[in-house]
Amino acid sequence: RMRVSDCFKTLEQARTYLGGFRSNKRFSKAGIGRTEHIYYHYYAYAITVVRIVDVALILVNETFRLGNPERLCRLDFITENSRVRSEGVDELLKRLHSVTGPWAERRNLFIHRGETVGLEGEGMRRLSLFDGAIMLNIPGASDSLAYTSRLYQEEVSRICKEFDKTEKPLLDATEELLSGLLPIYKAWCKALERASKG
């Protein structure tokens, strides 16, 4: 359960980091501008949203004491288990998976193909252009610093609205799953307690 909590903490941190870019010499030397800052934290968020399902599948495997190695804790494999289905946990997992589905596609395209789905709009293109000019010290580029900062804030605001649309359904689906697992966990605890006494 702590791993699930850690995922939500990471989502909150990604949102906080996203809104707080501060230019400095180390960032400039490493080629990190506002655009790279957004990409980094946006995809940290996307990866973490998808990770919640992976963690949930392992949690279901452990709670039901299915004995599967973690690498086999895939949605189709776990939800087909008769005990998981009999408790209705398969439907709870599928609901959680449906909430994270749009993020899974973005995450996969970013990780496996380097595509930046979700951040390909006109605002990001303009931000990248002006941010790049500033990073390259093109004459007159520093004059656009205020405009670039405004573009950055507009993009962060747009992204945070997208995060808002994700987080409530994600939290609700996760809470439902954890509530569904609680009786199974308690039953195993009682069984193990009886076995240790007997």
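This is a predicted model: local features need pLDDT of at least 70, side-chain atom pairs count only at pLDDT 80 or more; totals for chains, interfaces and linings use all residues.
Q: How are α1 and α8 directed relative to each other, roughly parallel or roughly antiparallel?
A: Helix α1 covers residues 2-18 and helix α8 covers residues 145-197, and their axes come within 10 Å. These axes cross at roughly 165 degrees. An angle over 145 degrees counts as roughly antiparallel. The two helices α1 and α8 are therefore roughly antiparallel.

Q: How many nonpolar residues does the contact of α1 with α8 have?
A: Helix α1 passes α8 in a left-handed crossing. On the α1 side the contact is made by Val4, Phe8, Leu11, Arg15, Tyr17 and Leu18, while the α8 side includes Tyr152, Val156 and Ile159. By class, this contact of α1 with α8 has one polar residue, three charged residues and, as the number asked for, twelve nonpolar residues.

Q: Which class, stacked, edge-to-face or tilted, describes the pair of Phe21 and Tyr152?
A: The count of aromatic pairs comes to ten. For Phe21 and Tyr152, the ring centres are 6.1 Å apart and the planes stand at 55 degrees. Planes under 30 degrees apart count as stacked and those over 60 as edge-to-face, with the rest as tilted. The pair of Phe21 and Tyr152 is therefore tilted.

Q: How many residues apart in sequence are the parts that the pair of Phe21 and Tyr152 ties together?
A: Phe21 is buried, with a relative accessible area of 8%, and Tyr152 is buried at 3%. Phe21 lies in the loop between α1 and α2, whereas Tyr152 lies in helix α8. The pair therefore ties together parts whose separation in sequence is 131 residues.

Q: Which class of aromatic pair do Tyr42 and Tyr43 form?
A: Tyr42 has a relative accessible area of 0% and is buried; Tyr43, at 2%, is buried. Their ring centres are 5.0 Å apart, with 80 degrees between the planes. Since planes over 60 degrees apart count as edge-to-face, the class of the Tyr42 and Tyr43 pair is edge-to-face.

Q: How many nonpolar residues are in the contact of α3 with α6?
A: The axes of helix α3 (residues 34-63) and helix α6 (residues 89-113) come within 8 Å and cross at roughly 145 degrees, and the crossing is left-handed. Among the residues that meet are Tyr42, Tyr43 and Tyr45 in α3 and Trp103 and Phe110 in α6. Ring pairs link Tyr42, Tyr43, Tyr45, Trp103, Phe110 and Phe163 into a cluster. The contact of α3 with α6 has two polar residues, two charged residues and a nonpolar group that numbers 19.

Q: Is Thr166 buried or exposed?
A: Thr166 is found in helix α8. Leaving aside residues up to four places away in sequence, Thr166 touches Tyr45, Val49, Val99 and Trp103. The relative accessibility of Thr166 is 8%, and buried means under 20%, so Thr166 counts as buried.

Q: How far apart in space are Met135 and Tyr185, C-alpha to C-alpha?
A: Met135 is found in helix α7, which covers residues 122-135. At 26% relative accessibility, Met135 counts as partly exposed. Residues up to four places away in sequence aside, Met135 touches Phe27, Ser28, Gly31, Ile32 and Gly33. Met135 and Tyr185 are 50 residues apart in sequence, and their C-alpha to C-alpha distance in space is 54 Å.

Key: Residues are numbered from 1 along each chain as its sequence is written. Side-chain values use heavy atoms; hydrogens and water are left out. Axes are lines fitted to C-alpha atoms, for helices over the stretch in contact, and angles run from 0 to 180 degrees between N-to-C directions. Helices (H or I, at least four residues) and strands (E, at least two) are DSSP runs, numbered from the N terminus. Angles under 35 degrees count as roughly parallel, over 145 as roughly antiparallel, 65 to 115 as roughly perpendicular and the rest as oblique. A crossing is left-handed if the near helix is turned anticlockwise from the far one by less than a right angle, and right-handed if clockwise. Contact means heavy atoms within 4.5 Å. Ala, Val, Leu, Ile, Met, Phe, Trp, Tyr, Cys and Pro count as nonpolar, Asp, Glu, Lys and Arg as charged, and the others, Gly among them, as polar. Rings of Phe, Tyr and Trp (its six-membered ring) pair if their centres lie within 6.5 Å; planes under 30 degrees apart count as stacked, over 60 as edge-to-face and the rest as tilted. Buried means under 20% relative accessible area, exposed over 50%, partly exposed in between (1.4 Å probe, protein chains only).
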